[in-house]
Amino acid sequence: MIRGADIVVRSLIAENAEYIFGYPGGAIMPVYDALYDYSDRIKHVLTRHEQGAIHAAQGYARVSGKVGIALATSGPGATNLITGIADAQIDSTPLVCITGQVAAHLLGTDAFQETDMVGISMPGTKWNIQVRRAEDIAPAIAKAFHIARSGRPGPVLVDITKNAQTEFAEFNYIPCLGIRSYKPYAEVSKEAVQQAAELINAAERPFIVFGQGVLIGKADKELKAFVDKTGIPAASTLLGSGALSEMNTHYVGKLGMHGNYAPNILTNQCDVLIAVGMRFDDRVTGDLKRYAKQAKVIHLELDPAEIDKNVKCTVPILGDCRQSLEMLIEAVHANKHEDWLQRFRELEKEEKKVVCANDLSPTKVGLTMGEVIRFINEYKADDAILVTDVGQHQMIAWRYFDYKQPRTQVTSGGLGTMGFALPAALGAQLHDFNRQVICVCGDGGIQMTIQELGTIMQTKAPVKIVLLNNNYLGMVRQWQQMFFDKRYSFTELENPDFVKIAEAYKIKGSKVTGRAELSEAVADMFIHDGPYFLEVVVEKEDNVFPMIATGCSVEEVRLS
Amino acid sequence: MNRYTISVFTENFIGILNRITIIFTRRGINIDALTASESREDGIYKITIELTTSEEQVIQLSKQIEKIIDVIKAFYYTDDQVVYQEIALYKIPIESLDPRLEKVIRQFNAHIIAAEKDFVVIEFTGHKEDTQSLLEILKEFNILEFARSGRVAVAKPMDTLDKYLK
């Protein structure tokens, strides 16, 4: 018999967990006591806030493809995980969150630091459970890992009462292999694949839109093979970036509100739209009533609830997209669509002339966010990971960063969580100390979780932090400019000396204000051994274009 | 807008009812009635939800319900695809018990199931329209209290739960 707290830690070790991101407190202290004995077998990272812990776990999960683990105490510790839980749910990130809870006999009495965590986390988790007895801990954790990583991944929460942690039980870890009521993978229908192949073979202007499902399903090679064989132009969602190399000759850009001109416009001119592992988010589709109405839609999707949710499809192909793509590759003819591809290239030229040239090689005095990304591209490694926060810098970094490999992007897509990047970059870096991890933030978002510089200091994670400082909540300001008569209501920031803050955390930093110093400053950042903080003061009132304004159709994408 | 019955078969897991109802809350959809009971299979619960909505919405709701880990299967039906009943209890003051009331009880084939010093309780089972029309009549008899259950329903289509239990 061993203590419940030891069962928690040994169960995590049995799941090959490498890192736990957490923060101690009363109701989880027995688990922390147990961790003291296993520090040679599992690493714990003490963040400076529980929100930092869960975002770090998300960053780790997104680049590793493994389950991220967050640990917190009851009450406020646990509720501080909620933003990360909601973020992981909407972006399908596998997480196991373990929270302490007051002793079972105190449940429901408003005991110190008691919160109904199962109740609070219910709408945001894929599954959750409260464990009140030591013997129930290992089966609950086994089930939690199975649910978190299988099918469409997501966050799960295991709430463990303090008495369960201190009581004793036999430990015999049996991994969960299946649950009667949960069938995460549908069998791919051969008929559906055949129907889809016929549509694709007959199509004159087919168009592939792919999302994060390709990365989750580890289907990037299959996607490339499918694109190469069929010659169909392919565009990415925000979270799909990296699933197909941007160097691929059929890659035609990015979809959605701040995506590229060509794929947005031509979505409404294709005759067959092939959606792979994406969920037709409103930021991708714009006005649904005017989205790809002319096209027959083929939807390769794992989650049955996504079929026909936003866009009605002609042929749904339920199941793992790696498997369905493999079957489709067999069933489709080799083809070329040069004329159709050429139309993407023509519109791309227009965007390059009107938008990209000014973003990347500006002639005005102030620095642009785009030119910073240009220099990052110049000096970064091919497998560098880009972690971004939320806002203008996120869209600009996404637009201009060269994604060459899968799992090189970490960002908060569905939830749009400001403050996500810094802790997520830490988690991504801990997965592999030898990979470059570049954390691009704005001056708004970074201040929401800036305390995690302390965790970066303590772990010595060599994250390269690039702060694009325009002294504004830039995206909100852009909307105020465009849709609220330039009434800049509470979006201007008086900021601290960021480099001094970084230095106070023993992180080397520098600040760039002029174009002449930029290239060298970015190069120096990459050369530096260890974490680095580069602040770049950019133009205060630049806007992100192209843009599909709310309520507009994809073909109404504006270049200015 | 149509009336639908969603039959949900679930594992007996704490909080499952809450997980199901928040799917409705989040989308601002009203549940007309809800009943929960054991099903034919040991350990499997059946939750019957009655609601008025569009077909598109009921399909989405059923998929979202089925996405819950501990839900085995959710079926949705229109009214003509289910056999269903609702039970109603009517509490009437003893002074109202006269030949006129006796006639009403006979006409409806209702039953007096309890008689106390001050009141009697009438029980009547049927569809909502039936129990409602009896209620309207009993208002004339100074009805003191009324309670109606949610719908209990069995499906006409022969698609059984068994194939989802493998």
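Q: In the crossing where helix 9 of chain A passes helix 14 of chain A, what is the handedness?
A: This is a predicted model. Helix 9 spans residues 190-202 and helix 14 spans residues 321-331. Helix 9 passes helix 14 in a crossing that is right-handed.

Q: Are helix 9 and helix 14 of chain A roughly parallel or oblique to each other?
A: The two axes come within 9 Å and cross at roughly 50°. Angles under 35 degrees count as roughly parallel, and 65 to 115 as roughly perpendicular. Helix 9 and helix 14 of chain A are therefore oblique.

Q: How many residues of the contact of helix 9 with helix 14 of chain A are nonpolar?
A: Helix 9 contributes A:Val193, A:Gln194, A:Ala196 and A:Ala197. From helix 14 come A:Ser324, A:Met327, A:Leu328 and A:Ala331. No residue there is charged and 2 are polar; the nonpolar count is 6.

Q: How are helix 1 and helix 7 of chain A oriented to each other?
A: Helix 1 covers residues 4-14 and helix 7 covers residues 137-149. Their axes are 9 Å apart, at an angle of about 25°. The cut-off for this class is under 35 degrees. Helix 1 and helix 7 of chain A are therefore roughly parallel.

Q: Which residues of helix 7 of chain A meet helix 1 of chain A?
A: The crossing of the two helices is right-handed. Helix 1 brings A:Gly4, A:Ile7, A:Val8 and A:Ser11. Their partners in helix 7 are A:Ile137, A:Ala138, A:Ile141 and A:Ala142.

Q: How many residues of helix 16 of chain A are buried?
A: Helix 16 runs over residues 369-379 and is mostly covered. Among the buried residues are A:Met369, A:Val372, A:Ile373 and A:Phe375. A:Glu371 and A:Arg374 are buried too. Of 11 residues, the buried number is 8.

Q: Which strands of chain A are included in what covers the buried residues of helix 16?
A: The cover includes helix 15 (338-360), helix 17 (392-400) and helix 22 (515-527). It also includes strand 17 (437-442), strand 18 (464-469) and strand 20 (532-537).

Q: How many residues does the contact take from chain B?
A: Chain A gives 13 residues to the contact. On that side, 9 are nonpolar, 1 is polar and 3 are charged. Chain B gives 15.

Q: How far apart are the end C-alpha atoms of residues 389-536 of chain A?
A: UniProt, in an unreviewed entry, lists "domain: Thiamine pyrophosphate enzyme TPP-binding" for these residues. The chain here is 39% helix and 16% strand. The end C-alpha atoms are apart by 16 Å.

Notes: Residues are numbered from 1 along each chain as its sequence is written. Chains are lettered from A and ligands numbered from 1 in the order in which they are written. This is a predicted model: local features need pLDDT of at least 70, side-chain atom pairs count only at pLDDT 80 or more; totals for chains, interfaces and linings use all residues. A residue is buried if 20 or more other C-beta atoms lie within 10 Å of its own, exposed if 12 or fewer, and partly exposed in between; C-beta atoms are placed from the backbone. Helices (H or I, at least four residues) and strands (E, at least two) are DSSP runs, numbered from the N terminus. Two residues are in contact if their C-beta atoms, placed from the backbone, lie within 7 Å. Ala, Val, Leu, Ile, Met, Phe, Trp, Tyr, Cys and Pro count as nonpolar, Asp, Glu, Lys and Arg as charged, and the others, Gly among them, as polar. Axes are lines fitted to C-alpha atoms, for helices over the stretch in contact, and angles run from 0 to 180 degrees between N-to-C directions. Angles under 35 degrees count as roughly parallel, over 145 as roughly antiparallel, 65 to 115 as roughly perpendicular and the rest as oblique. A crossing is left-handed if the near helix is turned anticlockwise from the far one by less than a right angle, and right-handed if clockwise. UniProt positions are given in the numbering used here, feature names are shortened, and annotations may be inferred rather than shown by experiment.
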